[in-house]
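I am opening a notebook page for one protein chain. The plan is to look things up and write down what I find.

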Amino acid sequence: SAAPEAQLVAAVVPLLSALRLVNAGGGWRATVKALAGPSSKKATQEEKDAEKASGGGASGDRNLVAAISRSGRAAEVVEGPLAYTGVLFVCVLFGWQSIPAIAAISQMAAGDGVADIVGRRFG
């Protein structure tokens, strides 16, 4: 749409998805900790089990964590999936209907789909 507000309305979708991922990943503190990289302290098996059991955020969105993470760890949803959602948000907000933004979103979507197929077949 050429309407000026269409860009902002479209940007709300990835923004809400990002907020849902942060919540499922254990909230803002856990997200910052996960994005900061591995800590010097290794998580004990009990801590890992507690994270899996809690399902992450305050609402305990276990279904989202199970659908997105390979390991079942809630912190995993704020790594790759959050970056993917962040790129979508930036492309929509700053590159509305531009060829580079459309190309970036198309490459990510195609690459994500092919990665699943190739990973299951060869990986």
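What does the accessible surface of the chain come to, and what share of it belongs to carbon and sulfur atoms? I looked up both values: the surface is about 8400 Å², and 63% of it belongs to carbon and sulfur atoms. I note that this is a predicted model.

Entry on the fold. I counted six helices and zero strands in the chain. Read from the N terminus, the order is α-α-α-α-α-α. I found that buried residues make up 24% of the 123 residues. I then took the contacts between residues at least 6 apart in sequence, and 64% of these join residues at least 24 apart.

Entry on the nonpolar patch. Which residues make the nonpolar surface patch of about 490 Å²? I listed Val-12, Leu-15, Leu-16, Leu-19 and Trp-28. Helix H1, residues 4-24, gives the most to this patch, with four residues. I checked Leu-19, which sits in helix H1. Leu-19 counts as partly exposed because its relative accessibility is 39%, and the partly exposed class lies between under 20% for buried and over 50% for exposed.

Entry on Glu-76. I located Glu-76 in the loop between helix H4 (62-68) and helix H5 (80-94). Is Glu-76 buried or exposed? Glu-76 is buried, and I found no salt bridge for it. The nearest side chain of opposite charge is Arg-73, 4.2 Å away, while a salt bridge needs the charged atoms within 4 Å. Leaving aside neighbours within four places in sequence, I recorded contacts of Glu-76 with Ser-69, Arg-70, Ser-71 and Pro-81.

Note on methods: Residues numbered from 1 in each chain as written. Predicted model: local features only at pLDDT ≥ 70, side-chain atom pairs only at ≥ 80, totals over all residues. Heavy atoms only, no water. Helix = DSSP H or I, 4+ residues; strand = E, 2+ residues; numbered from the N terminus. Buried < 20%, exposed > 50% of the residue type's maximum accessible area, 1.4 Å probe, protein only. Contact = heavy atoms within 4.5 Å. Areas by Shrake-Rupley, 256 points an atom, 1.4 Å probe, with all protein chains shown as cover. Lys, Arg positive; Asp, Glu negative; His and termini not counted. Patch = residues over 30% accessible without salt bridge, like charges linked within 9 Å, V, L, I, M, F, W, Y side chains within 5 Å.
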